[in-house]
Amino acid sequence: MDQAEAAADDLASTIEKLPTLVNADAALVRRGRSLTVDVLLEVGATPYYVSIVGGRIDRIERGPQVMRSWSFAIRGDARAWRQFWQPFPPPHFHDIFALAKRGHFRLEGDLYPLMAHLLYFKDVLAAPRRLAEGAR
Amino acid sequence: MAPQIDPIVGRYLHVKLQQRPHRIYFEEAGQGIPLVCLHTAGSDGRQFRHLMTDAAITEYFRVIAFDLPWHGKSAPPEGWHDEEYRLTTASYTEAIRTFCAALELDHPVVLGCSIGGRIVLNLAIHHAREFRALVGLESAAFQPPWYDASWLHRPDVHGGEVCAGLVSGLMAPQSPKAARWETLWHYMQSGPGVFKGDLYFYRVDADLRDAIDRIDTRICPLYLMTGEYDFSCTPEDTVRTAERIPGAEVLEMKEVGHFPMSENPQQFRRYILPVLDRIRTVP
């Protein structure tokens with residue numbers, strides 16, 4: 001495995017822990033209780049389809065899949081996601097809108113579910129930061 | 001056991017703004033040089049409660065924070081339900097000068113954050129002789145907008161929650177969780193459309209890039225302090241502004257964002273105390 005593949009693998013294992021991290025957080029699930037939506041998170045070249053049901057992450061599937069629908073997408077380069085998931089990300093890598101402003105993330109599709117549940121998504125997306133905290 | 005009470009007193013001041021009667025809420029603590037604090041867009045004077053309970057500051061400064069009309073406990077003027085709220089450079093400047101004059105403050109220091117940081121530049125341009133010093137937190141003559149403000153006021157999105165959600169990312173990840181969420185609570189309590197109305201001033205009306213050359217810091221010292229995690233008004237935005245103002249002092253604050261005084265009061269006092277000491281000791 002070369003270095004790029006190893007790095008991509010590390011991001012894959014991080015994002016695949018998202019359901020466990022979110023669903024174990026009762027307060028966060030409660031914050032998203034009225035939300036059921038399919039979201040696309042693109043980490044580098046790899047799409048992940050995240051299905052949220054009543055604030056819980058029902059499943060996350062690695063793509064690409066043909067003819068898969070989603071409501072909105074957050075697409076970012078691998079370096080940006082890796083920085084974003086550090087326990088204390090550097091300035092301009094600590095928030096999805098900061099990353100979007102600098103061109104590292106792109107927000108696409110119907111942004112209504114994102115904006116109507118913004119505080120929910122902020123903490124869902126930041127949840128992997130807790131992995132590094134636990135490892136220390 | 002004696003009750004634990006903050007040394008902060010809140011009162012209401014009656015003034016006319018834009019020819020209409022207003023009842024303005026303000027809080028204060030301490031004595032000495034008046035230090036008037038201006039809150040951010042869509043929030044209120046509670047952001048400054050830590051300055052008001054810091055004996056190192058209140059020993060020398062009378063710290064005063066008023067809520068702009070429509071914010072906090074300052075009600076909107078009679079007839080508000082038939083109009084769209086919009087803060088302008090003129091109405092904001094009038095509110096500050098009227099407030100200071102009504103309380104008979106002698107050459108106050110004005111410290112403002114975000115929109116408050118923008119308006120202190122306008123005070124420096126047009127009214128420098130009225131003030132002892134001006135401090136802009138997260139201040140720049142102009143910044144490019146980074147989101148569509150129509151999300152802030154629509155019936156199918158909770159205004160308080162979306163406003164809080166947007167500004168949540170402007171704080172540093174190192175800031176204490178309790179202080180961050182308290183900062184967000186103020187946004188959640190803001191009235192419908194108020195944050196958006198403040199942004200009319202910030203985004204549309206108050207592009208001061210062509211006017212800051214006229215600031216003379218020999219008349220009134222100007223301090224510009226910006227948090228490294230503020231991606232709305234970045235340290236680079238502040239430096240770009242200060243480069244055009246001879247004598248303006250710039251400080252980048254580490255491990256804070258757009259709300260230094262409320263998101264991390266301990267970190268902020270490391271930066272603000274030396275500035276206030278200099279303001280106090282310069283005759």
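This is a predicted model: local features need pLDDT of at least 70, side-chain atom pairs count only at pLDDT 80 or more; totals for chains, interfaces and linings use all residues.
Residues are numbered from 1 along each chain as its sequence is written, chains are lettered from A in the order in which they are written, and side-chain values use heavy atoms, with hydrogens and water left out.

The C-alpha trace of chain B spans about 55 × 55 × 45 Å along its principal axes. Chain B contains 10 helices and 8 strands, taken as DSSP runs numbered from the N terminus (helices: H or I, at least four residues; strands: E, at least two). Of the 283 residues in chain B, 58% are buried; buried means under 20% relative accessible area, exposed over 50%, and partly exposed in between (1.4 Å probe, protein chains only). Where residues of chain B at least 6 apart in sequence are in contact (heavy atoms within 4.5 Å), 75% of these contacts join residues at least 24 apart.

At the interface, 25 residues of chain B are in contact with 20 residues of chain A. The two chains bury about 1800 Å² between them, 70% of it on carbon and sulfur atoms; buried area is the accessible area (1.4 Å probe) that two parts lose on being put together, summed over both. Trp151(B), Tyr229(B) and Phe231(B) supply 29% of the area that chain B buries against chain A, more than any other three residues.

Ser114(B) lies in the loop between strand E5 (109–113) and helix H4 (115–126) of chain B. Its phi is near 65°, a positive value in a residue other than glycine. Ser114(B) counts as buried because its relative accessibility is 4%. Leaving aside residues up to four places away in sequence, Ser114(B) touches Thr40(B), Leu137(B), Glu138(B), Tyr202(B) and His258(B).

In chain A, the loop between strand E3 (56–62) and strand E4 (72–76) holds Pro64(A), and Met67(A) is also found between E3 and E4. The peptide bond from Gly63(A) to Pro64(A) is cis, with omega near 5°. Met67(A) has a positive phi, near 60°, in a residue other than glycine, and counts as exposed because its relative accessibility is 80%.
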